[in-house]
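Me: I am new to this structure and would like a close look at a single part of it. Please set that part in its wider setting too.

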Amino acid sequence: MEEKLKDLILEYIDGNLSGELEKYVAKNIQENEECRKYYEDIQKTYQLLESDIDLQPDSSLKLDFEKALEEEIAAEKPKGKQVYFPMWKMAASVALVLSGVFIGAWWMKGQKNDQIDALASEVRATREMVLQSLDNQQSASARLQGVNVAYSVDKADDAILKALVRTLNNDENTNVRLAAMEALARFSDQPGVMAALLSSMEKQTDPIVQINLINLMVSLKEKGAVGKLQEIIQSDSTQQAVKDEAHMAVYKLI
């Protein structure tokens, strides 16, 4: 099925179509088996999300993301061709990512294999959408949305973790780097994540990101950060405010 037709089906579900275009989509859903199956899968995903209340992100961090996102959207000016992800698409992304958690439960409930295969396929597509959002170099708000969706998953895979680390170390926008750091902190118990956070302390030059990383090490009680903190303190290029924060962190960790 063409991507354009998929987009129209999502618009149809959201009630955004009218007139001949609405009739066209309705006719395709009724007469085209592939369209009808896609329509039914999306409807089931929405129902799963509506029935779930336990997998919502921490409300305080969600507010932080939304605040940062609002700031970036307000600050951004159109420049060149941008890849735009409407909010309803991102909402669908969250729904599809979260729905992956239910795959095992569906097996236990004896759901049909074709339904599970279709849902797994949509989860993979959502994962690709998250990675594309994080790689969008034209829109900081799109990258923030990508980080927000990545934060919402129960367990990030290697590809998402690498994308978050790359964002933390290289993104030109401070808010996006801080959001990536928060997301990585959530997955700090997964292999390689803490090592990546420690390594990032050497790479950061923005005092805001440096201080937030230092405070994160203290909150995680990561004694392995003491050596990195000593390097920050001894560096001639480190601002005094960052050195003061590093001194305090060493005192708290040892």
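This is a predicted model: local features need pLDDT of at least 70, side-chain atom pairs count only at pLDDT 80 or more; totals for chains, interfaces and linings use all residues.

Reply:

The chain has a mean pLDDT of 78, and 73% of its residues reach 70 or more; pLDDT is the predictor's confidence in each residue, from 0 to 100. Over residues 52–58 the pLDDT is below 50, and this stretch has 8 contacts in the model beyond near neighbours in sequence. A contact here means heavy atoms within 4.5 Å.

Residues are numbered from 1 along each chain as its sequence is written, and side-chain values use heavy atoms, with hydrogens and water left out.

The chain has 14 helices and 0 strands. Both kinds of element are DSSP runs numbered from the N terminus, helices being H or I with at least four residues and strands E with at least two.

Asn 173 has a relative accessible area of 14%, so it counts as buried (under 20%; exposed is over 50% and partly exposed in between, with a 1.4 Å probe and protein chains only). A polar atom of the Asn 173 side chain lies 2.8 Å from the backbone nitrogen of Asn 175. The side chain of Asn 173 also reaches the backbone nitrogen of Val 176, at 3.0 Å. Leaving aside residues up to four places away in sequence, Asn 173 touches Glu 72, Ala 140 and Arg 143.

The largest nonpolar core has 46 residues, and Leu 164, Leu 197, Met 201, Ile 214, Met 217 and Leu 229 touch the most other members. Such a core is a set of buried Ala, Val, Leu, Ile, Met, Phe, Trp, Tyr and Cys residues joined through side-chain atoms within 4.5 Å. H9 and H10 are among the elements that give two or more residues to this core, and H10 supplies the largest share, 8 residues. Leu 164 touches Leu 134, Val 147, Ala 150, Ala 180, Ala 183, Leu 184 and Phe 187, again not counting residues up to four places away in sequence.

Technical notes. A polar contact is a pair of N or O atoms within 3.5 Å; within protein, one must be able to donate a hydrogen and the other to accept it, and residues adjacent in sequence count only if both atoms are side-chain atoms.
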